[in-house]
Amino acid sequence: MTYWYTAPVSAVSFNDNCVDITVYFDKESGTVKYGIDPPTQYVQVINQCEPVHKKSQHVLDFHRTPGTNTIAITGKFWTGAGPYQESITIDQPALYFGTVFKETLLHKKGIIITGEVKSASGGPVDETGLVLLSSEESTLLQAIEVTNKRSQNFYAEQILKTLGYQMKGKGTFADGLTVVRDFLAQEVKMPVDSYVMLDGSGLSAGSRFSADQIIDWLIYLARHKYAEQFRESLYRPGIDVSVANNSRLAEFKGRLWVKTGYLKNACSLSGYFKDKKGHYGVFAILINDFSSAASAKEFQDELLKLIMLD
């Protein structure tokens, strides 16, 4: 639960509920140093990383102790490497936001706030007398684009709980899942007992969907009035920038819209393609229990190429 793709969800969230840590080699001191953004006392960083002069020895790792905001930087950092940034999750997102807000007021505006930052409990806060100073909203489409193009699990879970709040009156996982299950049953004709959905992102080891069900879902969306908007929200090889592999399937630039998925022992690739005649198709390739992730992805790519060249 250390890295950005497992960030906790919260109604009050900030910086995707992560702190960004940049590790670099300082030539003057001859040591490995780090910087954090936002600069905050909310997290404690223990730097145990050592410099090495051989690139082959370079290995860097991070670990946040569960239930705390203590982050350890371990491993060996090659002295010839440039700065490396990683987003690390935090514990108790609401307190994180409140702490950084308090620190920002002090350092940028000189406003001193006494007392501790605490999470309110006991129901809604009385808003009598409060004045709205500023408001900024994003659209659902913007949130979906971040979710799909970056495989941003945090956004997926936030959307799920928002669905619960908007449709059932409570922003809980249970209510969000009920909304999705009802929709799949009524609109996509997917029986509730034919799959297992335990979260919004698919990180849960217990979630189960078949390739056929994913294809049924994608076909439904292809006939939806917002079909084009959804398709363009997917990752487009050769067009969109990817933090993972910017060259994967780039040869099909403008003809492929995909969603990748990867966990230990599970690798998926699904989406839409356009063949040489301009016809659109749908595909879903799921692989479990493989010995090599690289081989699994290579197989997916080769199979997809055969489909598109047919």
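Mentor: The buried residues of helix H2 pack against helix H3 (153-168), H6 and E8, where contact means heavy atoms within 4.5 Å. Helices (H or I, at least four residues) and strands (E, at least two) are DSSP runs, numbered from the N terminus. The model is a predicted one, in which local features need pLDDT of at least 70 and side-chain atom pairs count only at pLDDT 80 or more, while totals for chains, interfaces and linings use all residues. Residues are numbered from 1 along each chain as its sequence is written, and side-chain values use heavy atoms, with hydrogens and water left out.

The residues of H2 that are buried are Ala143, Thr147 and Asn148; buried means under 20% relative accessible area, exposed over 50%, and partly exposed in between (1.4 Å probe, protein chains only). These residues lie on the same side of H2, because they cover an arc of only 120° around the axis, the arc being that of the directions from the helix axis to the C-beta atoms. An α-helix has 3.6 residues a turn, so residues three or four places apart point the same way. Just after H2, Ser151 takes a positive phi of about 50°.

H2 also supplies a charged side chain. Lys149 and Asp240 meet through their side chains in a salt bridge (2.9 Å, N to O), that is, a side-chain nitrogen of Lys or Arg within 4 Å of a carboxyl oxygen of Asp or Glu. This pair links distant parts of the chain, 91 residues apart: Lys149 belongs to helix H2 (residues 140-150), whereas Asp240 sits in the loop between helix H6 (227-233) and strand E8 (256-263). The two partners may also be described by their accessibility: Lys149 is partly exposed, with a relative accessible area of 25%, and Asp240 counts as buried at 10%. Side chains of opposite charge can pair when their charged atoms come close.

Arg236 counts as partly exposed at 22% relative accessibility, and Glu232 is partly exposed with a relative accessible area of 25%. Across the whole structure, a search finds ten salt bridges.
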